[in-house]
Amino acid sequence: SLPSPTDPALLALFTGTFMDNGQNLSAFLTDITTMGTAIIGVKFTNVVLDSIDAAGTIAQVHFTPIIASGGGVETMGWQMKKDAASGIWQFDGNLRPVWVGINTVAIKDTCNPANTACTMATAYGTGLHLDINNDAMQPVGSVLVTGPGLPAGGVTLVAQANQTWFNITTTNAQNMPSCAGCTMGNYWLMTDAEIAAVLPNSVYTITLYDLVGVAIPGAIYTEVVPVAPVLNTAKATLAYPSLSGMVNLNGIGAATLTPSWSIPTGLWARYLDIYVWQSVTNANQNVEQNNMTSSTGTASLVITAPPSGGTWSGGGYSISARDQYRGEVNTRYTN
């Protein structure tokens with residue numbers, strides 16, 4: 001079952017200084033105990049003690065939580081502390097102020113079949129997802145990512161107004177030309193020559209900067225990418241997740257949308273997202289179906305009307321899955 005986030009037995013497993021991706025203990029426990037039944041039966045596998053200090057009171061560990069359905073693979077690195085009074089080891093979190101994740105990504109961009117006016121050709125991309133997210137709204141203004149296959153000076157991402165994610169500002173010549181001028185957000189698309197530089201277990205360094213561009217002391221992290229992205233010569237042959245039952249989002253107001261998803265064998269569902277925007281006011285809205293535990297299913301996602309009234313000008317759908325190396329395989333449907 002799901003415990004209360006204030007259950008004393010649960011609190012006893014964590015330190016009072018716990019922080020994970022900018023969340024304090026109260027916010028973290030509230031999140032994981034309100035995720036729904038998907039987290040019931042979660043197992044912690046591949047637990048490794050990476051290091052321990054000379055005093056034997058602070059340790060670095062990493063482990064892989066796997067939900068009961070077998071999905072949700074995401075290796076996590078946390079610090080642990082030995083409580084001075086009880087002598088019991090407690091979780092201290094990753095101590096990072098923001099979420100940092102670097103993993104491979106393969107993307108299929110195509111038209112929403114419900115919008116017959118959409119004429120873009122299906123396009124594919126492959127590279128790295130530089131996933132920097134500031135859900136806890138910590139004072140971080142930009143991020144620099146360096147590592148194999150990236151430019152010599154690295155890739156810079158900056159915080160976005162009224163959003164929690166960071167977008168790439170470094171020029172990337174591999175952006176999909178069929179996106180009608182769009183950028184890839186935090187997807188760094190790569191040539192096959194760049195992909196060849198990504199060897200097994202390549203290490204990437206992430207440096208955080210404050211709101212005035214000064215490096216934050218101690219905020220330098222590393223992420224390991226187990227395998228290289230799929231080559232451009234093979235990206236169109238991958239099995240991608242798909243959606244059906246989509247509606248045309250142009251001119252839609254408040255509505256409950258019920259798209260159905262299908263995840264290919266060998267992949268695990270991550271999330272289903274619907275995005276809408278209004279051109280006159282620049283208002284936008286995202287709704288997601290998370291914690292999907294099966295390879296097929298139907299979502300029920302509620303879109304509200306724009307804050308200023310009227311209808312939405314357009315939008316899109318996306319469905320994301322993970323492979324065995326925690327790489328992403330995504331399909332996006334443009335409206």
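Helices (H or I, at least four residues) and strands (E, at least two) are DSSP runs, numbered from the N terminus.

## About the model

This is a predicted model, in which local features need pLDDT of at least 70, side-chain atom pairs count only at pLDDT 80 or more, and totals for chains, interfaces and linings use all residues. Residues are numbered from 1 along each chain as its sequence is written, and side-chain values use heavy atoms, with hydrogens and water left out.

## Two residues with positive phi

Let's start with the backbone. Met 137, in the loop between strand S8 (123-133) and strand S9 (142-146), has a positive phi of about 55° although it is not a glycine. Asn 46 in strand S3 also has a positive phi of about 55° without being a glycine. Most residues other than glycine have a negative phi.

Buried means under 20% relative accessible area, exposed over 50%, and partly exposed in between (1.4 Å probe, protein chains only). Met 137 counts as exposed at 57% relative accessibility, and Asn 46 counts as exposed at 56%.

## Helix H2 and its packing

Helix H2 spans residues 25-32, and Leu 25, Phe 28 and Leu 29 are buried in it. Seen down the axis of H2, these buried residues fall within an arc of 90° (taken from the directions from the helix axis to the C-beta atoms), so they line one face of the helix.

The buried residues of H2 pack, by contact (heavy atoms within 4.5 Å), against helix H1 (8-11), strand S1 (19-20), strand S2 (23-24) and strand S5 (76-82).

## Salt bridges

A salt bridge is a side-chain nitrogen of Lys or Arg within 4 Å of a carboxyl oxygen of Asp or Glu. By this rule the count comes to four salt bridges, and here are some of them. Asp 92 and Lys 81 meet through their side chains at 3.7 Å, N to O. This pair links distant parts of the chain, with Asp 92 in strand S6 (residues 89-93) and Lys 81 in strand S5, eleven residues apart. Asp 92 is buried at 1% relative accessibility, while Lys 81 is partly exposed at 27%.

Arg 96 forms a salt bridge with Glu 223, their closest N and O atoms being 2.8 Å apart. Here Arg 96 sits in the loop between S6 and strand S7 (99-111), and Glu 223 in strand S14 (residues 215-225), 127 residues apart. Both Arg 96 and Glu 223 are buried. In another salt bridge, the closest N and O atoms of Glu 328 and Arg 270 are 3.3 Å apart. Glu 328 lies in strand S23 and Arg 270 in strand S18 (residues 268-278), so the pair ties together parts that are 58 residues apart in sequence. Both Glu 328 and Arg 270 are buried.

Asn 335 belongs to the segment after S23 and is buried, with a relative accessible area of 15%. The side chains of Asn 335 and Asn 112 are joined by a polar contact of 2.7 Å. A polar contact is a pair of N or O atoms within 3.5 Å; within protein, one must be able to donate a hydrogen and the other to accept it, and residues adjacent in sequence count only if both atoms are side-chain atoms. Not counting residues up to four places away in sequence, Asn 335 touches several residues, including Val 247, Leu 249 and Gly 315.

Asp 323 lies in the loop between strand S22 (314-322) and strand S23 (328-334). Its side chain reaches the backbone nitrogen of Gly 327 at 2.7 Å.
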